[in-house]
Amino acid sequence: MDFERPAHTTRTPLSIEPMPALRQPSHLALRLLLVGLVLTAWWWSRFSQAEGETTSLLAGDVATTLGSGHAWSELLPRAARTLGLVLGASALATTLGLALGLIISRCGLIAIHATAWVARALSFVPVVGIGWLIIAWLVNDAKLPIESLIPYTPPQHRDTASLALSRTLWAWLVPLWVLAAPMMGQWLAAVVRSLALAKPAREALASRAAGHPPAMLARQGFAFAWTELRRHWLATTLHGLALTLWVEDLFGLPGWGAFTANAIRLGLPEDIEASLLMGSILVAVLAWIGHWLRGSDAPDASAAEAAVQAPPRSLFGSVTVLGSLTLALLAALCLQPEPPPWMATWLLPWLTSLLPDAWQRPVLDHAPALLTDLHHAGIAASWAALTTVVLGTGAALLAQVRALPRLRVLDTLAWWPALILATILGSPSWMGVCLGLAMACHWRDLIIAHHHSGYTQAAKALGLPRWLRWLRHIVMPALQALAAWTLRATATALIWTVLSDYLHGTPSGIGQHLVNARSTVLADPGSAFWPAIHAMAAALVLQGLAQVVRSESLDSSLKFPPPRL
Amino acid sequence: MITLVRSLVFGLPLAFVGLTWWAADQVRVSRSLRQGDLVALMSQPTMPALNPYLPASEAERQLIDLIHAPLIKVGPDGRLSPGLASDWRWMKRVTVWFAELKSAADAAKRLEARRGEAWNQWKLEAVAAQGRTLSLTFTDPLFGAVRSVLEAAAAKVQRVSILRIELPGKARAAQTAMMNRMDFAVPVQRVWFDGEDAFEIAIVGVPAEFEYEKELRRHLSQAMGREPLISTQIELPMVEEPALEFTLRDARWHDGSPVTAQDVRATYEALIRKPWPLPNREGLRVIRGVEVVAPNRAQVLLWRHYGPALAAWIGLPILPANWLQAHALDDAGRLFQRELPPGAGPWRVEQRDYSSMVIQPATDKPAAIQRLTLVTSLSTFTMQLGYSTNSLDLFWPSAPALPAPTISSEALQPRSSPPQRAVQVLWNLRREPLHQPLVREALSAAVDRRAVITRALQGKGRPQGSLFAPGLWLSSASVVETGDAARAEQLLASAGWLRNVQGHASSPNGTLLLTLLVPEDMPALTRIAAELRLQWARPGIQIIVKPQPRADVMRAMKSGAFDGVVLDAPLETSWDLWPQWHSDEPGNFSGFSDRQVDLLLEALKHEFHPGEAAPRAQRAEALILASHAVLPLVTVHEDSMIRASLSDGSAPPSPWTLSDLLTRPARP
């Protein structure tokens with residue numbers, strides 16, 4: 001079985017890039033709702049000044065700044081709008097991504113790799129940057145208004161139903177496309193290579209040998225792709241829900257996302273509390289839809305035989321060493337509070353002199369902010385790694401105790417869209433903890449898999465002490481995977497830092513550059529383009545390093561225990 | 001199934017693309033329909049609530065002026081002009097009581113028999129007998145031959161006692177408790193509330209054996225748990241009540257129903273109980289009640305002679321009675337966020353939702369502008385977006401410095417609003433050396449108002465030299481001199497303050513050092529104080545600026561523990577300067593005392609005619625300003641930006657309101 005994609009698994013929503021797969025616990029919708037309620041209660045107990053019993057607060061009796069209303073009456077309409085936006089963007093992203101993926105997968109390996117790279121790059125562009133660029137293009141080039149920001153209704157005698165409908169649609173379609181872009185990139189990056197490299201089912205090959213038309217083969221690929229769509233839908237959509245904070249804020253939409261963004265920006269504890277409550281319901285609804293969409297858990301026959309071909313190990317042996325050195329340098333940079341002087345005085349100017357003239361100024365202008373964000377992302381990644389090892393090892397040890405019930409708490413927490421919580425809390429350490437939750441699940445599964453592996457059992461039979469068995473055959477092999485995941489987490493944390501800083505108004509960092517772009521983007525779209533590109537490029541480099549460093553040494557005979565639901 | 005899904009997978013994106021293309025095309029068409037209407041942006045997070053009595057911003061105030069109509073308003077020439085009231089006049093109502101039922105009717109008959117010449121001489125307009133009461137209406141609120149009339153009526157009237165009952169915070173509850181007992185309630189003919197702390201009653205026909213005051217004190221002590229302060233103010237043969245009668249024009253609410261006197265009464269009764277800081281509120285406090293004399297005539301009865309009570313109705317929006325009955329006004333005014341009352345102004349609200357509000361003319365008269373759409377946003381980006389795409393015509397407050405638009409756009413012109421507040425410095429005349437007139441004059445002479453506006457207010461203000469709003473009929477055309485530090489130094493020298501080696505003005509008693517208190521809740525005041533400090537430093541006056549919470553500043557003013565205060569105050573349309581400047585008033589924080597001014601102020605309180613009030617008010621103002629007890633500085637304005645093609649082209653641009661823009665007639 002391929003470690004990358006065992007059956008009965010889907011991706012987690014935490015990271016932009018696909019991690020090794022996580023199992024979806026049973027009754028996920030209900031579990032996520034409970035998690036949200038617990039988070040709301042925790043927020044109320046720590047930060048909110050709202051008075052009243054916990055139960056009444058959890059029942060929605062929270063006074064918000066939206067006039068004199070309480071959570072239900074004020075936020076339910078907003079939540080409904082956000083749900084519509086997310087479902088629409090998800091439908092567009094997944095179907096467009098699927099259509100593009102199917103077309104590209106017939107075009108050869110170069111096109112496939114290029115598309116995968118472009119899609120990954122698109123998923124790494126901060127959604128705010130995408131929004132600014134689209135607004136600049138619509139206003140400057142397409143000469144179209146942004147209806148949600150400056151609405152206009154013609155006089156009644158000149159207005160018609162179709163004009164009224166078009167205005168409403170336009171007000172929501174532009175943000176929908178902006179939201180769909182990173183979602184599509186995320187989904188496409190995850191599945192386009194799988195689509196191309198999926199081995200056709202024996203039946204399809206047989207039918208081809210028998211002279212049946214290639215359409216049969218295409219139909220097999222499509223069936224596989226549809227299965228992939230159902231599996232990845234929830235993870236992508238939950239990430240999209242988190243991105244509505246920025247999209248609705250940018251376009252002035254009256255949704256839950258804009259309300260939450262405003263609450264975070266102004267630091268309003270009661271509003272955040274109400275947002276968490278309503279967000280929990282949204283997450284639960286999406287989880288329920290995802291469950292319905294996923295349907296039967298039985299995998300498609302062709303999907304069961306699909307495998308992603310990993311690059312030969314020997315080819316990347318030396319690259320692994322180089323990647324590790326780069327990683328060490330990066331870690332040294334990230335853990336420093338400020339970029340070292342030598343970097344500013346000669347390294348950066350030297351690097352930028354290699355670039356075309358037109359790029360040098362923008363790179364120099366944004367590099368210090370990028371380094372600040374990398375530092376914060378490094379801190380977050382360190383916390384993520386720590387959380388992974390501590391929680392994951394603890395969960396693995398507890399899993400050995402058969403008497404304990406399998407509550408799947410860690411798996412449930414890993415599914416809650418942590419970008420929302422990380423943005424609300426706004427500190428790199430909490431961001432790291434949120435990122436580490438999903439990694440902890442993988443670490444747990446990895447530890448258990450290694451524990452049950454043949455060589456570990458053999459070492460036990462040979463009388464090796466338990467601690468040496470753990471160190472040599474379990475922890476050491478798993479550390480390489482941890483290194484790769486940490487690099488991926490750094491890439492994710494970098495983008496999350498940019499987005500979080502945008503709302504919190506942190507003075508340094510790429511996020512502030514994107515905030516400043518507000519006043520100049522119409523005259524100079526580059527003011528939004530360059531910060532977004534910097535963030536994207538840095539995240540891509542980190543992601544690339546992760547792919548180089550990724551675990552190659554896993555024995556393909558590793559058997560995962562069946563999931564206990 | 002797979003075929004269906006495949007159709008969906010390829011069809012859905014195409015459908016999205018097609019829908020987006022169609023919507024974009026239709027939105028272009030929608031925008032092209034924009035002719036003869038304006039789009040304005042208000043820099044606030046949500047749509048204005050349009051509370052007619054608590055506007056949150058200048059823009060909202062101007063919108064309310066368009067949608068709602070008062071009885072009286074200030075016209076472009078600064079004089080009072082008709083609003084919903086086509087006419088108004090003062091009169092006096094005198095009420096007397098008789099011991100016997102028949103006496104009032106007999107007295108009325110005798111007076112009716114003398115109708116004609118005698119009535120003209122007496123200035124008597126109407127006589128009405130009801131039960132034991134005889135009401136006489138005189139056409140002059142001050143002069144009316146009441147004695148002659150009563151003599152002619154051969155009226156043997158009962159004495160009226162005016163009692164004042166003081167019970168802080170519980171006046172209304174005490175009045176209710178009093179009226180619950182028949183022996184207290186029956187003699188009560190009039191009740192006037194002096195805020196929430198006291199009320200006065202007029203009682204008639206108390207049985208001789210009943211010690212009304214003593215029994216009332218006992219009753220209220222038991223009922224309220226506290227002994228009230230009860231005193232007999234005066235005993236008279238009658239009750240004299242000035243009355244202000246409004247005659248309403250034939251106006252209609254935006255829902256088509258007629259505006260009636262009942263609406264005026266309902267508005268007063270709804271407002272009087274609200275703790276809202278209404279302008280000229282003193283004028284509302286002295287009102288005993290509003291009576292509906294006819295469907296188009298309302299009489300406002302005052303419980304004491306107070307001519308400036310007219311000012312309370314200037315600019316006060318009137319609301320429909322049936323709407324007020326159906327909707328209970330909350331103290332916070334949040335009702336208006338959910339329910340908009342119909343107005344009677346020249347424009348009405350066509351539509352309001354979370355993102356925009358549309359107002360249009362209430363009549364079909366041709367106008368240059370047929371529609372105004374308002375949108376709100378705190379984002380400067382939205383302003384720039386509107387500017388760049390020609391989607392916005394008017395911005396509040398003014399847009400910041402805009403980058404060069406990527407799409408060609410016409411120039412914007414800044415326009416300032418009429419002033420609503422004025423900034424002034426108030427001195428404490430009880431303190432050394434401020435009690436010296438020359439020192440105060442030197443402080444006034446050294447101030448350059450234009451520099452204050454430029455440096456402290458970024459140009460958003462105008463010099464102010466009067467105690468009244470500029471342009472008002474009460475205001476004097478004062479000459480505002482620019483600062484003259486040399487003259488200030490001469491004045492100080494004349495007062496014995498010469499420069500020492502450090503360059504500071506000093507006398508044998510020490511250097512001239514003053515503390516200037518500033519409320520810290522308005523940053524503009526602190527900047528003004530800082531600029532004044534620099535200007536006063538030139539003739540050698542040292543100033544310490546002390547920003548403090550406003551409550552602390554007010555406390556210091558009340559206790560007299562201050563040298564000077566920089567204050568902002570609303571510009572009201574009343575000619576009553578008594579509370580701030582009469583020597584006996586606790587509100588006279590400066591300690592100013594001038595017998596001539598006191599007499600003028602007393603006369604102003606009893607001046608019922610605005611035209612007659614102006615010369616007296618200007619005389620009083622001149623005397624107050626000559627003492628330099630107060631230094632009027634600047635009026636504060638809000639700026640807006642408007643497209644040059646919409647401006648009236650006046651140079652320099654005069655203060656401007658939405659009403660000026662929207663009520664221009666259509667070009668033929």
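**Entry 1: a loop in chain B**

I began with B:Pro433, which sits in the loop between strand S19 (421-427) and helix H14 (437-445) of chain B; helices (H or I, at least four residues) and strands (E, at least two) are DSSP runs, numbered from the N terminus. The peptide bond that leads from B:Glu432 to B:Pro433 is cis, and its omega is near -10°. I noted that this is a predicted model, in which local features need pLDDT of at least 70 and side-chain atom pairs count only at pLDDT 80 or more, while totals for chains, interfaces and linings use all residues. Residues are numbered from 1 along each chain as its sequence is written, and chains are lettered from A and ligands numbered from 1 in the order in which they are written.

**Entry 2: positive phi values**

I then looked up B:Gln458, which is not a glycine and yet has a positive phi of about 50°. I found B:Gln458 in the loop between H15 and S20 of chain B. Is B:Gln458 buried or exposed? It is exposed, because 11 other C-beta atoms lie within 10 Å; the rule is that a residue is buried with 20 or more other C-beta atoms within 10 Å of its own, exposed with 12 or fewer, and partly exposed in between, the C-beta atoms being placed from the backbone.

A:His27 belongs to the segment before helix H1 (28-46) of chain A, and it counts as partly exposed because it has 15 C-beta neighbours inside 10 Å.

I followed S20 into an open sheet of six strands in chain B, with the order S20-S27-S19-S26-S24-S25 and mixed pairing; two strands pair if DSSP finds at least two bridges between them. Its edge strands are S20 (461-463) and S25 (542-548) of chain B, each of which pairs on one side only. S20(B) is joined to strand S27 (residues 630-636) of chain B by three bridges in the antiparallel sense, and B:Gly461 stands opposite B:Val636 in S27(B).

**Entry 3: strand S6 of chain B**

I turned to strand S6 (residues 133-138) of chain B, where B:Leu134, B:Leu136 and B:Phe138 make up the covered face, and B:Thr133, B:Ser135 and B:Thr137 the uncovered one. Strand S4 (residues 85-97) of chain B runs antiparallel to S6(B) and is joined to it by six bridges, with B:Leu134 as the bridge partner of B:Val96. Strand S5 (residues 124-130) of chain B also runs antiparallel to S6(B), joined by six bridges, and here B:Gln130 has B:Thr133 as its bridge partner. The hairpin of S5(B) and S6(B) has two residues between the strands, and in it B:Gly131 takes a positive phi near 65°.

**Entry 4: where the chains touch**

How many residues does the contact take from chain A and from chain B? I found 40 residues from chain A and 50 residues from chain B, where two residues are in contact if their C-beta atoms, placed from the backbone, lie within 7 Å. Helices H3 (71-104), H5 (127-141), H6 (161-197) and H8 (215-251) of chain A each supply at least two residues of the side of chain A that touches chain B. H6(A) gives the most to that side, with seven residues.
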